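Here is a short briefing on a protein model. Look over the sequence and the structure first, then go through the points by topic.

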Amino acid sequence: MAVSLPPSLGLSSAPEEIQHPHVKFSEWKFKLFRVRSFEKKSEEAQTEKKDSPEERPSLEQSPAVLDETGGQKPTLTQPALKAHPKFLKKSFDDGRARDKAIHQANLRHLCRICGISFKTDEHNRRYPVHGPVDGETQELLRKKERRVTSWPDLIAKVFRIDVKADVDSIHPTEFCHNCWNIMHRKFSSAPSEVYFPRNATMVWHPHTPSCDICHTAHRGLKRKSHQPNLQLSKKLKTVLDRARQARQHKRSAQTRINSKEVMKKITNCSKIHLSTKLLAVDLPVHLVKSISCQICEHILADPVETSCKHVFCRICILRCLKVMGSYCPSCQYPCFASDLESPVKSFLSILNSLTVKCPAKECKEEVSLEKYNHHVSSHKGSQETFVHINKGGRPRQHLLSLTRRAQKHRLRELKMQVKAFADKEEGGDVKSVCLTLFLLALRARNEHKQADELEAIMQGRGSGLQPAVCLAIRINTFLSCSQYHKMYRTVKAITGRQIFQPLHALRNAEKVLLPGYHPFEWQPPLKNVSSSTDVGIIDGLSGLTSSVDDYPVDTIAKRFRYDSALVSALMDMEEDILEGMRSQDLDDYLNGPFAVVVKESCDGMGDVSEKHGSGPAVPEKAVRFSFTIMRITIAQGSQNVKVFEEVKPNSELCCKPLCLMLADESDHETLTAILSPLIAEREAMKTSELMLEMGGILRNFKFIFRGTGYDEKLVREVEGLEASGSVYICTLCDATRLEASQNLVLHSITRNHTENLERYEVWRSNPYQESVEELRDRVKGVSAKPFIETVPSIDALHCDIGNAAEFYKIFQLEIGEVYKNPNASKEERKRWQATLDKHLRKKMNLKPIMRMNGNFARKLMTRETVEAVCELIPSEERHEALRELMDLYLKMKPVWRSTCPAKECPESLCQYSFNSQRFAELLSTKFKYRYEGKITNYFHKTLAHVPEIIERDGSIGAWASEGNESGNKLFRRFRKMNARQSKCYELEDVLKHHWLYTSKYLQKFMDAHNALKNSGFPRNSEASVGDTLGLENSLETQDSMEF
C-alpha cells in the first residue's frame, strides 16, 4: 500500500547518518500504526461498497490523483488522516528530538573557540576540546617548562574560555587547526602568520526554532548544480577570478577602515597625543609609520610592545583591549594587558630625538620630543590648550616601575579622593578601602587565586608558607612525595587554609637551588667542557667505554657537572659573601678576583643494600665524591682579605655531594672511568676564571682545589700506591716499615702527585732493566697510574680510629701479660679479647663491635677506660706505663683534631714535639714486645708528620673527611625517602635531595624555626605558622622513631 504523509507530519530531510536512533524507531512505529488503521478502513469501505457501490468510492480509488504527465502520485486525502490527539503530541515531541539531533550534528562541524566551519580547512584537521594535549604541544610545553597537560587548561590560559562545564547539546566538542596554531604561537618564539578570525570568542546558546546554526545549514533538496561550460574561454575565467579577488580586497579594506575608525573613536586621544603632521622634518613614510601608533596614528606616547611585536600608545592599547577584547588590533593575536612591555632603549632614544613643531600660534620653535614638555610649560599663560606627552619629558613609565616618591606624586589626587571617602564613610580607615578596591579589581579580572590570598590576609589568616620554607621542612624531615602530599591535603582539609604549598610549587623552588639554573661564563673557556650552563644531573658513566662487557651491569653513577655545581654553591652563599665584604669595610662593587679554596672528599660508604628480604645476594657498595667551600678571599693591595670562612668544615651541612655511584671503591677501573671526566673538569678550571653575576655585578672567581678528604685506603688507590700492608708504610714519605720503627719521629714529607706520576712511568717502562725488587725499591711502592691529585696530609677521623684500634690491641696484650709470655696461642688471645669486652661493657657501657668506628674510638680513648683496664692487670708498673701513654696521647690529640690549633690549643701545639718524643720512647721501651721492628701506619704519621702539616696548612682537623663520612647516614635516609623501582632514578633523587639538604638558603629557614622552637614560641590557634611548627614537630618525632 502506497502511503504518503503530509508535510506537517512528515520526516525531516536530514541525512540518515545524523538522525537520532529514537527518530527512526518513531518513524517505524508511526508507519505501522497508520497502515493498520488504513487496512481497517478499507475493509469497512468494501462492505459499504456492496450496499451502495455508486455513492462511496473505495480507498484505492480516492487517493489516486493523476499528474499532467500521466503518472500516478499516491497522495492521501484529508478526511482519511484524522489521527488521535495523543499521537499528534507524541509526533510533535519526536520532531523536537529530531531538530535537536540535527542541531547537534551541525555543531560537530564547527569550532568551539572561533565558530568557523571545519570545511574551510583543506586537510579537515580538528582537535578534541576535552582530553590530553597532543604530542607536539606537550613537547613544546615541556621545553617552556609549562605544567599544562590537558586542552581545557590550555584553552583557559590562552583564550580565557572555561570549557570544563560544556554541554554536548549546546557547545561543539572540537576546535580547528587555526586555534591550535594560535595556542602554539602563544608559547613558541617562532614567527607564524596566524590570526584569530573574530574580535571576541563565540557565545553558544541552546537550540531554538530561530537558531542561527540550523538556519545557515542547507535544508531540503539541493539546487541542481549546472555542468561547467567547457566552451568558456580561459581569458574569461581569469577576468572573473580577478574581479572576485578585487571585490574581496575591497570588502576587507572597507572592513579594516571601519575597524580603524571604531578604534579611533574608542581611544579619543586627539587632544592628548601629537599628530604626525607636527614633525619638523619630512620623514619617509615607513619611518613615520614605525614611530606612530597603529591605532590612533599619532606619534607614540608612552609606547608599549605586545607579545606579537606591535607597538602602540599605552592608553590606546589599554582602551582597545578593554572594549574590543584581548586581541592585538593589528594581527588579531591574543594579547593581554599583562603581556605589554616597554620597547628596547635604542627605539626609545630614536623616538625622543625626533624634532616637532610647537602647536602654539605665536611660537615657531622646533624642539625635540624629549624636551617638548619643558617647552610647552612656558606657554601656560596662553588660553590655548597644548598637548602634553609625558611628565618629565621622557616616555611615560609604568606606575610599578617608578620610585616611591614618583608614585606618590602621580597618585596624589586619587589618594585625596580615597581619604575623603574613608573619612566620610569608613571612619578614616584608608587601608581597608584600598584593600577592598584591590580585591574587587582582582575579582573583576577573574584572578581569584590572588584575591583569595588577599582576602586571607585581610581576615588575619595569612596566605600560607613560602614554597622554600615548605621545601626546607620536607627535606629536613625526610618526607617522601606521597607523605608530603598526604600532609598537605590533611592540613588543608582540617584548617580550611593552604598553609603548605603543593608539590609542583616545591619543584619550582628546587630549580633555583639546584645546579644548572644560574648563567655563567669562563675566561678563557674550559677545555673539553661544554659551554652550556643549564646542565643539571648527568650520567656518571660517560667516561666508560662503549663495550658493555668492560664494566659491571649494576654500575650506576649520577653526578653534577663540576663547574655548574660550584656556581650553584657560590650563589647559595651570595648573602654570606656580600655580608663578609661589608664586615671587612669593602665596597660592594668590587669584582675580584676572588680566590675560592675548595676541599675535596671521596670515600666508600660500605654496604648500602636494603635489608628487607629482597636485596641482592652480594653486598651493594657505594662511593660518594663531594666538595666543601672552605674560604673565599679577595686581593686588596699586598694582602688577601677573607670575606668568607666555613665555621663548621666537618659538618654534613656544608659537604655538597658531586657524584654518587653504586660501585666498589676497590674496583680501580670503574672508579677511574667514572671520576676521570670529573677530574678533567677540575684540571680545566685551574687555569681559567669564572665570570658570575652576584649582587647585580659581574665578578670573577679563581679556584684552588685541595684533595685532603681521603682515607689512607683511597689515597693509595687514586695515587697508584701499594696497599696499606706494603713495606712502604707511609703515603707522605718514602720510609719503609723497618725504617719507621727504628726512627719514630724524624721524618719529612717527600711524596707528591707529580713525583708519583714520574715513578709510574719508570715502573711501566723500566728504563734501567732492573729486577722486580730493584725496580720496586726505586719507585717506592708506586704500582699503578695516579689519576687524582691529593694533598699529602692526614685524615684526622681515620687517624683517631686507627690509633684507637691499636690501643684496643695494647689493652688485650697487657691483660694477657705478653711482655712476659710473647708466644701465646690464638685461643688465649681470643679469651683476652672476650675478657676486655665484658669488662668494658660492665664499667664503660661499651658494647663489643666487629669493626672499630668513630663513636667507639671516642669513648675508648679516655682516662676512665685506662683505669677500668688497669683493674684487669696485676702489675702496678704496667698501670703507670698505660696511664702515661694515654695521657700523652690525649695531650697530642687536640692538635690534629682542632680546626685552628694555634687559637684553640696553643699549649698543646707548643708541647707536641716533646710529647711525641716521649710517646715514641715509651713504645720502644715499655711496649717493645709489640713495636720492635714494626709500627702502624697512623702511629707513624701521628708522631712524624703532624707538626710539618700544621706548619704548612695551619690545621689538620679542618681538612678531614668527617663531613663526607657524616653523609653516609644521609644517603641511607634519602634512599629510604626516595624508594623507587628503578635504581637509576632513585640515585638521581638521592643526589638531588642531598644537595638541597646542604643548601644554606634552606638552612636559614630551619635555623629560624629551631630558634623559635627552643625559645618557647607561643602557640596560637589562629596563626598558621604555629600550626605548621606543631605539625612539623610531630613529623620529626615520628620520623626519628622510624629511623
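The largest cavity has a volume of about 190 Å³. Its lining counts 22 residues, and Val715, Thr731, Val791, Pro792 and Ser793 sit closest to the centre. The model is predicted, and its mean pLDDT is 78.

**Cavities**

- Six cavities of 30 Å³ or more are found in the structure.
- Four elements each give at least two residues to the lining of the largest cavity: strand 17 (697-709), helix 22 (712-718), helix 24 (753-765) and helix 35 (937-944).

**Largest pocket**

- The largest pocket holds about 2,100 Å³ of space.
- It is lined by 49 residues, of which Ala441, Leu442, Arg445, Asn446 and Glu447 lie closest to its centre.
- Two or more lining residues come from each of helix 4 (151-158), helix 9 (314-324), helix 12 (404-410), helix 13, helix 14 (430-444) and helix 15 (448-458).
- Helix 14 makes the largest contribution to this lining, with seven residues.

**Overall build**

- The protein chain has 1043 residues, and 43% of them count as buried.
- Its secondary structure consists of 40 helices and 17 strands.
- Among contacts with a separation of 6 or more, 67% join residues 24 or more positions apart.

**Nonpolar cores**

- The largest nonpolar core has 95 residues.
- Which of its residues touch the most other members? They are Phe500, Tyr562, Leu570, Phe627, Ile632 and Phe703.
- Another core, of 58 residues, lies apart from the largest one; Cys733, Leu860, Leu890 and Tyr912 are among its members.
- Leaving out residues up to four places away in sequence, Tyr562 touches Val598, Glu600, Phe625, Phe627, Leu658, Leu678, Glu681, Arg682, Met685 and Phe705.
- In soluble globular proteins, nonpolar side chains tend to be buried together.

- Val418 belongs to helix 13 (residues 412-425).
- Is Val418 buried or exposed? Its relative accessible area is 11%, so Val418 is buried.
- Beyond four places in sequence, Val418 touches Val430, Val433 and Cys434.
- Val418 and Val430 are twelve residues apart along the chain, and 7.0 Å separates their C-alpha atoms.
- Thr306 sits in the loop between strand 5 (303-305) and strand 6 (311-313).
- Thr306 counts as buried because its relative accessible area is 3%.
- Thr306 touches Phe312, Cys335 and Leu340, with residues up to four places away in sequence left out.

**Backbone features**

- Where does Pro524 lie? Pro524 is in the loop between strand 9 (521-523) and strand 10 (537-539).
- The peptide bond from Gln523 to Pro524 is cis, and its omega is near -10°.
- Asn528 is also placed in the loop between strand 9 and strand 10.
- Asn528 is not a glycine, yet its phi is positive, near 60°.
- With a relative accessible area of 85%, Asn528 is exposed.
- A cis peptide bond also runs from Gly592 to Pro593, with omega near 5°.
- Pro593 falls in the loop between helix 20 (574-583) and strand 12 (594-607).
- Phe478, not a glycine either, has a positive phi of about 55°.
- The loop between helix 16 (467-476) and helix 17 (481-495) contains Phe478.
- Phe478 is buried, at 8% relative accessibility.

**Confidence**

- A pLDDT of 70 or more is reached by 78% of the residues in the protein chain.
- Among its elements, helix 19 (residues 562-572) has the highest mean pLDDT, 93.
- Helix 40 (residues 1024-1042) has the lowest, 35.
- Residues 1-23 have pLDDT below 50; this stretch makes 29 contacts in the model beyond near neighbours in sequence.
- Residues 217-226 also stay under 50, and the model gives them four contacts beyond four places in sequence.
- Where pLDDT is low, the predicted coordinates should not be read in detail.

Methods: Residues are numbered from 1 along each chain as its sequence is written. This is a predicted model: local features need pLDDT of at least 70, side-chain atom pairs count only at pLDDT 80 or more; totals for chains, interfaces and linings use all residues. Side-chain values use heavy atoms; hydrogens and water are left out. Buried means under 20% relative accessible area, exposed over 50%, partly exposed in between (1.4 Å probe, protein chains only). Contact means heavy atoms within 4.5 Å. A nonpolar core is a set of buried Ala, Val, Leu, Ile, Met, Phe, Trp, Tyr and Cys residues joined through side-chain atoms within 4.5 Å. pLDDT is the predictor's confidence in each residue, from 0 to 100. On a 1 Å grid over the protein atoms alone, a cavity is a set of points where a 1.4 Å probe fits but cannot get out, and a pocket is an open set with protein on both sides within 12 Å along at least five of seven lines; lining residues have an atom within 4 Å of a point. Grid points are joined across faces, edges and corners, and a volume is the space filled by probe spheres set on the points.
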